[in-house]
Amino acid sequence: MALKKQWDALCLALSLFTIIPMGKREMEKGTAAFVPRYLPLAGIVAGIVTAATAYGAFYFALPAPLGCGLMLAAGFGITGFIHLDGFMDCCDALFSHRDRERKREILKDSHTGAFAVIGFGCLLVVLWGAYAALYPRFGGFPMVLIFIAAPFTARALAALLLMTTPAMEGSGLAAAMQGGGKLWGAFCILAGLVGLYMAAGLPALIAAGCAFAVALLGLRQCLKDFGGLNGDVCGFSIVLWEAVFMVALAILLSQGRV
């Protein structure tokens, strides 16, 4: 029975956070608590797709603008755009300058507001620029490892947040995912950092430190404005972590000062 719950949780994690079809499964209370443990695995899947796209673009000598665009599409597409949707929803609500109740309403609104579009545009420009700066390195194994370890680490942070942070009122899924596995979440973060260090040494750790700092500041603001955690806030944290990491790494490696 316990093994079946773990398998169901794994399948749910992959079906929720990637576009991989894993069959229809019910989100039972006992199973939902195990789902965050497999969120980093979804990051590995996303990373493999991104790394394969990057390597393919470099191998076939595609122009940098096209290669970077394909990477963006592949990285977001494999997740079903679910984390990007959370990022945009949070941008819409955070920058609305309304009271908490109204911000929660905006967060749950399916319509796309001006701040969501602005946030999405800024994200694309910044990420595309970071990929373009790193493009000459795409053919090497270190960048392949970075493209896998970075989304793994970002989702390990999100998993730890799901396990430890109070859920927003009315967010049944986030509340159901709370529970044990805190040490596992911390271990996955450590494993991701080891992978990043193996790939790019000290610059990767500095970039990861910048990403953690900005993502946690963003999380703090979300918790203050929304009163708790939900899926959109987790997606916001994941996208923000990855974007800051890539930008910081591109700056550090291009300057060659570390």
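On a 1 Å grid over the protein atoms alone, a cavity is a set of points where a 1.4 Å probe fits but cannot get out, and lining residues have an atom within 4 Å of a point. This is a predicted model, where local features need pLDDT of at least 70, side-chain atom pairs count only at pLDDT 80 or more, and totals for chains, interfaces and linings use all residues. Residues are numbered from 1 along each chain as its sequence is written, and side-chain values use heavy atoms, without hydrogens and water.

**Exercise 1.** Describe the lining of the largest cavity.

*Solution.* Start with the space: about 250 Å³ lies in this cavity, a volume being the space filled by probe spheres set on the points, which are joined across faces, edges and corners. Next, find the lining: there are 20 residues, and Thr-50, Gly-75, Tyr-131, Pro-151 and Glu-242 lie nearest the centre. Then sort by class: 14 are nonpolar, four polar and two charged. Here Ala, Val, Leu, Ile, Met, Phe, Trp, Tyr, Cys and Pro count as nonpolar, Asp, Glu, Lys and Arg as charged, and the others, Gly among them, as polar. Finally, look for the top contributor: H12 gives the most, five residues, helices being DSSP runs (H or I, at least four residues) numbered from the N terminus.

**Exercise 2.** Decide whether Leu-202 is buried, partly exposed or exposed.

*Solution.* First, locate Leu-202 in helix H11. Now apply the cut-offs: buried means under 20% relative accessible area, exposed over 50%, and partly exposed in between (1.4 Å probe, protein chains only). Leu-202 counts as partly exposed because its relative accessibility is 48%.

Key. Helices (H or I, at least four residues) and strands (E, at least two) are DSSP runs, numbered from the N terminus. On a 1 Å grid over the protein atoms alone, a cavity is a set of points where a 1.4 Å probe fits but cannot get out, and a pocket is an open set with protein on both sides within 12 Å along at least five of seven lines; lining residues have an atom within 4 Å of a point.
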